[in-house]
Amino acid sequence: MRVNKLMKADLHIHTKYSMDCSTPLDKIVNRCLELGINCIAIADHNTTEGALEMQSLAPFPVIVAEEIMTTQGEIMGMFLKESVPRGLSLGETVSRIKAQEALVCIPHPFDTLLRHGLGGKKIEEIIDQIDVLEVFNSRTLFCHHLNQARAFAQKHGIPGSAGSDAHTVYEIGNAYVEMPGFEGGDDFLNALVRGKVYGHRTNPLIHFSNARTRLKAILAGDK
């Protein structure tokens, strides 16, 4: 059945299943309820484990996503059924996502300085396979990268998504799409086209917190 309720969707959130994040799933749910966020995409680094668990925990729609590190930069699968391995070529990663009848999303596409964005040349190589382009990511450092993403999506007719890229509970909702309800991937794309992006950039100092979390995890051998 189609979900008719208007969605306030943060389409890029991390959990404790990402190496550089320690946020428990229940705290994410509580924060979303506080803010009126009623749809999320959990996109942990190189695993869908947290997203699949979140689906049984959250009282609102949860998109199973994964931010996958390829040999050429990061790419996101959305509406996945299982994890896609890291370390594959860009083309092979796209093929693995499509094999699950899932959507290919490009996160922080032009943020290549510190955040493993693909950049224009690599994106052009797979342009026919891209379903969604992230046009607003709250952790993107420079405004012109956000402007590039919006312009690229408009030029190529690709639906634009937005997400906080939250690695802490307080970042949730820093970016979101207000969009119609949807049922499944194809319906999601149609709803996304009709949606409106809202957001603001997160304080760049938050990256130091993530580096500390990642270092602790490495030293503890937890992740």
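## Rings and a surface patch

Phe 182 and Phe 188 are both buried (under 20% relative accessible area; over 50% is exposed, and in between is partly exposed, with a 1.4 Å probe and protein chains only). This is a predicted model, where local features need pLDDT of at least 70, side-chain atom pairs count only at pLDDT 80 or more, and totals for chains, interfaces and linings use all residues. Residues are numbered from 1 along each chain as its sequence is written, and side-chain values use heavy atoms, leaving out hydrogens and water.

Now look at the rings. The whole structure holds five aromatic pairs. Rings of Phe, Tyr and Trp (its six-membered ring) pair if their centres lie within 6.5 Å; planes under 30 degrees apart are stacked, over 60 edge-to-face, the rest tilted. Tyr 176 and Tyr 198 have ring centres 5.3 Å apart and planes at 20°, so they are stacked. Tyr 176 is in strand E8 (residues 175–179) and Tyr 198 in strand E9 (residues 196–199), so their pair ties together parts 22 residues apart in sequence. Strands are DSSP runs of at least two residues, helices (H or I) of at least four, numbered from the N terminus. Tyr 176 is buried, at 15% relative accessibility. Tyr 198 is partly exposed, at 28%.

What about Phe 182 and Phe 188? Their ring centres are 5.2 Å apart and their planes at 75°, so this pair is edge-to-face. Ring pairs also bring in Phe 79, making a cluster with Phe 182 and Phe 188.

Finally, find Leu 114. It lies in the loop between strand E5 (103–106) and helix H4 (120–125). Leu 114 is exposed, with 61% relative accessible area.
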